[in-house]
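This briefing is for a reader who is new to the structure shown below. It covers a pair of helices, a sheet and the cavities, in that order.

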Amino acid sequence: MKKMELFALEIDESLFYNEIIYYMKMPESWRNFFNRERTDHFKLAYKVEPLGKKLTSIFPEIICVYSDNRVLLYDQPWLVSTKPIPESYIKKFTLGWLAHLKGYSIPELPEDVRNSDPSWVSCTFGDIHGSIDSYQWVPGIAAIKFCQDPKFLDLGNGLREELKFYHVIFNGKHECVSNPLRHSPRHDPFSYVIRLELKTRGGDADRYILTVTLGTRRYLSQAQIKDGKCFMRSGHSCSVLVSVQNPYVTNTDRSFSQLKFERCLGDKSSFTAWETALDGLYWDVLNGESFESDLLLINPKIYAEGSGEITAYVVNNNLFNGNSVKAGIGLPEKSGLFNLVKSFLTDYGAKELQLIPDISRRGMNDSRFPMVAPKAEGLTFEVYGSEEMFEAIREVLTAAQKSIDYVTILEEISESHFRLNCDKEVIVELVHCNPKGIVAELEVDKYKDSAVAEDKRINQIIKRLSKTELNRNPVLALVEIEEKDKWREGTDPKKAIREGMKKTGRLSQFIYPLTEDVTGNVSRIINATLDLFNDYGFFSDNVNKISLPGTLMSITVLKAGNKYLPTISRLVGTNLSIKMLGLDSWMSIYEAALNMDAAKFLDSPSKKNRSNEVFEAFITKEIQNELDRCDGKVLVLVNATLRYNWLRSIGNTKICWDQVPYLNERLSNESRVKFIRINATDDVPQYRIIINDALNEFNKASGIFKDPIGIYYGVGGRPSAWKGISNDATKFTSPSKQLLQQRAVEYIPLGATDEEEMDNLAILADHLRRLGLTYDKHTIFPYTMRILNSLSKYITGNEDDYDYDAEFDEEVVVDIREDLSLQY
């Protein structure tokens, strides 16, 4: 039997109570500085949090920082560190930050602020554990102790590599980052990364679990500023791990800090700048003088080699073109790294988790055809692109294709009309449209403002397409467009095209131009087409393989900037409809996408608004209406992320497997209502699937695995493009190969009457992941939840929903469609 081992350990904070640590309280004058500066009686004018966060990223020895009122009002510990960092450094950073907040120079600060001297107090964790945050200091001390000595990583096939790990706080999380590795001079360097986080589990919140997340981080080696040009794109900041030689007088070991820089826009003397004043202060305090971030991009190799006083590794994220090292990490490396951590921490008293058995049952296949259509109707399929693209699409869709089991998607009726391969009579009109004036870079030079340029393009599209002959059929538009790398800064028109198409009644999808790769062209065309049909509401044939117990409702909240839209999908048989807050009727997916602007968006829930009350009232009413409408069961899928502020009743400490989340008395006592909490966040641990305990053999098998406490983990099959990579492949020996593993998705059935019903609900949730048309295996979310996420692009204009991401290499946006040579 296959078994799953979660990359996590049960841990008790008392294991580290005897460790010597140092804490610092914020001097009274500094506390008074913040307390005096308030916009009203309650709200601070300046936040303490940015200073604390930057101090931890710069000094990873600081494993716990507090930035709330307990520090400012009650003189609680502010910083907790494993080493007494020179107080002069803390003071210089803090005074520099306070002066920056006021727009002063340091000498202009009040005298009592300038003259205060912070100091460290020595104690043990056991002495102060009740007043500091376990979620910060437990993974911090575990990471620091793990990094104290070099480790030998077993890579399989007799290959072992000695590694030195450094404790780094990266994006606020504790990591053990290895010394950079380089397979050959033609490859960029990369590090193994071990991230440690303290978590609790749904329904078992009293037990602490230390999750061990494993992956890689890749670094720049090629210049990104040369010949007076900078090849870094804007969009978000870029991280760099920096170590200044001898940052402490008596410490000869390296300590790495995370700094961030970003692309400057407009006419600037430099191409890049440090993201915050605190990033710049780092150099003044530890280096003794300022340092221009441009230097890191002019010759990153010099700083990565660490031959001078400054060692710096610039993270090669998606702001830069190309990377000779692909994303991901091999199974032997993940297993070997976890074994290192497990061996080290179990010696301290941490406990291994039980292996989780597979409960998979047969009954579901991966058949997509014939599609299942909402109804018999006519559709118009527009192609905005070259004549060559249009002819290629026509040829591919009307021919039997090997990649989809020699199925033909469109059967020709006439030169422009085709019968769709589905269970009902759906006639598709294929129309070639001139992309001129639609697919062109935004005129940012003319309008100076990208937002104005976007609006102009949207209006141009509306004006042009409103003049076309009125079409009574729903319209799907496939738009040929260059990759984002090909557009000048701020000129990419995709968002404007999406919005313009929506306002003229069209669902849209983008596809890259044809290349010499014939197989890649076919793949992109098929998947672009199926994506459009999927967004319209067509199911794969797998929908006929499941047996719904009644009505299936899925609940989520879609994000649009700083606003949020509560949304529900409802599946009855093969009839899928959408309900959005503020709109009275249930709509088809097509109608919902085109009418989202009329829905009611909410602010993020807070004490100052009633957003969570409005949300709960909305979903409660719709669940009750469904109970009144039908006699069968009502099964509700809910996204686990809603437990943060929106729906606290599905929080880890609130849920119990035999009870539904509390919404009101009627629903809590209604036997027909069942919930399944679906979690696909990084709360769900990484894993390995063991197929032979004795030989410790593992693979990328799929299945549904059942934890004794009532948590299920679904692992989907691999997309076909991931095949051909052996299970023993490693990043160390094959850096140019993309090594990915399916993500585990957590299901927690709620309200079941017995264990068999729990099993059936988890299996149903997993089967629902195979109802969509896109790809050839599971998606991450069940189809009825994923289709809600797909609506987001009709609010934001962006494709933000990726089914798979790179193993832990979180600064690299991995679009699986792009990696599979598909569209996006």
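In this predicted model, the axes of helix 12 (residues 387–397) and helix 16 (residues 518–536) come within 10 Å and cross at roughly 80°. An angle from 65 to 115 degrees counts as roughly perpendicular, and helix 12 and helix 16 are therefore roughly perpendicular to each other.

**Contact between helix 12 and helix 16**

- Helix 12 contributes A392, I393, V396 and L397 to the contact.
- Helix 16 contributes V522, I525, I526 and T529.
- By class, the contact has seven nonpolar residues, one polar residue and no charged residues.

- Strands of a sheet pair through backbone hydrogen bonds, in either a parallel or an antiparallel way.
- Here six strands form an open sheet with mixed pairing, and their order is 22-23-24-21-25-26.
- Strand 22 (410–412) and strand 26 (506–511) are the edge strands; each has a single partner strand, so one side of each is left without a neighbour in the sheet.
- On average, neighbouring strands of this sheet are turned by 30° against each other, direction ignored.
- Strand 22 pairs with strand 23 (residues 417–420) in the antiparallel sense, over three bridges.
- E411 stands opposite R419 of strand 23.

**Helices packed on the sheet**

- Helix 12 also packs on this sheet, where it touches strand 21 (377–384), strand 22, strand 23, strand 24 (426–433), strand 25 (475–480) and strand 26.
- The direction of helix 12 makes about 160° with that of strand 24.
- Helix 15 (residues 494–503) packs on the sheet as well, touching strand 21, strand 25 and strand 26.
- The direction of helix 15 makes about 155° with that of strand 26.

**Cavities**

- The structure contains six cavities of 30 Å³ or more.
- The largest cavity holds about 140 Å³ of space.
- Its lining is made of 16 residues, and K199, T200, R201, D683 and E746 lie nearest the centre.
- Strand 11 (190–201), strand 12 (204–218) and strand 32 (673–679) are the elements that give two or more residues to the lining of the largest cavity.
- Strand 11 gives the most to this lining, with three residues.
- By class, the lining of the largest cavity has six charged, five polar and five nonpolar residues.

How values were computed:
Residues are numbered from 1 along each chain as its sequence is written. This is a predicted model: local features need pLDDT of at least 70, side-chain atom pairs count only at pLDDT 80 or more; totals for chains, interfaces and linings use all residues. Side-chain values use heavy atoms; hydrogens and water are left out. On a 1 Å grid over the protein atoms alone, a cavity is a set of points where a 1.4 Å probe fits but cannot get out, and a pocket is an open set with protein on both sides within 12 Å along at least five of seven lines; lining residues have an atom within 4 Å of a point. Grid points are joined across faces, edges and corners, and a volume is the space filled by probe spheres set on the points. Helices (H or I, at least four residues) and strands (E, at least two) are DSSP runs, numbered from the N terminus. Ala, Val, Leu, Ile, Met, Phe, Trp, Tyr, Cys and Pro count as nonpolar, Asp, Glu, Lys and Arg as charged, and the others, Gly among them, as polar. Two strands pair if DSSP finds at least two bridges between them. Axes are lines fitted to C-alpha atoms, for helices over the stretch in contact, and angles run from 0 to 180 degrees between N-to-C directions. Contact means heavy atoms within 4.5 Å. Angles under 35 degrees count as roughly parallel, over 145 as roughly antiparallel, 65 to 115 as roughly perpendicular and the rest as oblique.
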